[in-house]
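Please read each point with the sequence and the model in view.

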Amino acid sequence: MTTLTGRPHTALLVIDVQNGVMETAHDRESVLANLVTLVEKARAAGTEVVWVQHTSDELPRGSETWEYVPELVRREEEPLVHKLYGDSFEDTDLEEVLAARGIGALVVAGAQTDACIRSTLHGALVRGYDVTLVADAHSTEDLTAYGAPAPGQVIAHTNMYWKFQSAPGRTAGTVETAEVEFGVKAPA
């Protein structure tokens, strides 16, 4: 139960799976295979796939690094949201895209775990969405040189705390790719 009225639908939100982001992503091949599976499952179930694409100095719009990885191909009818900030809702049309489609629940996957994934998870929950993180379909780069934990630890920690996240009238949690069934409420 989302706190958003009249929003019975779910969407798969694919965040920033761009060449420049995924180039050095932890467990890249496995994460990409899971993302491909999720997109295929969503499409087969008639669930909306909403794509989010980040622009920054490192990912200039129109550049090779900015483009989505070749393993994932967006269909023309699938919404694409452009963003400049970590939270996919911040200064974008994501809320309007989701509202127009009656979406009140999000299944989230993509990159980077410790930046755009975390920001969007929290941004969605505080805005009233039910939010499920696909535990084996998000990744980040190695930022240990800057004092961050190893990427595997960052991912594991995010999965652990999101599994137990809650808010009044909303659900949150994690699920593995193999367990995702669109059209069926994901476990909280």
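**Note on the fold, surface and cores**

1. Contacts along the chain. The model discussed here is a predicted one. Among contacts in the protein between residues at least 6 apart in sequence, 77% join residues at least 24 apart.

2. Secondary structure. The protein contains 5 helices and 6 strands.

3. Overall dimensions. Taken along the principal axes, the box filled by the C-alpha atoms is roughly 45 × 35 × 30 Å.

4. Burial and surface. Of the 188 residues of the protein, 50% count as buried. The protein exposes about 8700 Å², and carbon and sulfur atoms supply 52% of that area.

5. Charges. There are 14 positive and 28 negative side chains in the protein. The centres of these two sets lie 6 Å apart.

6. The start of the chain. Is Met1 buried or exposed? Met1 has a relative accessible area of 61%, and since exposed means over 50%, this residue counts as exposed. Met1 belongs to the segment before strand S1 (9–15). A separation of 24 Å lies between the C-alpha atoms of Met1 and Val52, which are 51 residues apart along the chain.

7. The largest nonpolar core. Which residues touch the most other members of the largest nonpolar core? They are Leu12, Val14, Val17, Met22, Leu35, Leu72 and Val134, in a core of 27 residues. At least two residues of this core come from each of S1, helix H1 (19–22), helix H2 (28–45), strand S2 (48–54), strand S4 (103–111) and strand S5 (130–139). Helix H2 gives the most to this core, namely 6 residues.

8. The surroundings of Met22. If residues up to four places away in sequence are not counted, Met22 touches Val17, Arg28, Val31, Leu32, Val69 and Ala111. Met22 is also one of the residues that touch the most other members of the largest core.

Technical notes
Residues numbered from 1 in each chain as written. Predicted model: local features only at pLDDT ≥ 70, side-chain atom pairs only at ≥ 80, totals over all residues. Heavy atoms only, no water. Helix = DSSP H or I, 4+ residues; strand = E, 2+ residues; numbered from the N terminus. Buried < 20%, exposed > 50% of the residue type's maximum accessible area, 1.4 Å probe, protein only. Contact = heavy atoms within 4.5 Å. Areas by Shrake-Rupley, 256 points an atom, 1.4 Å probe, with all protein chains shown as cover. Lys, Arg positive; Asp, Glu negative; His and termini not counted. Charge placed at Lys NZ, Arg CZ, Asp CG, Glu CD. Core = buried A, V, L, I, M, F, W, Y, C linked by side-chain atoms within 4.5 Å.
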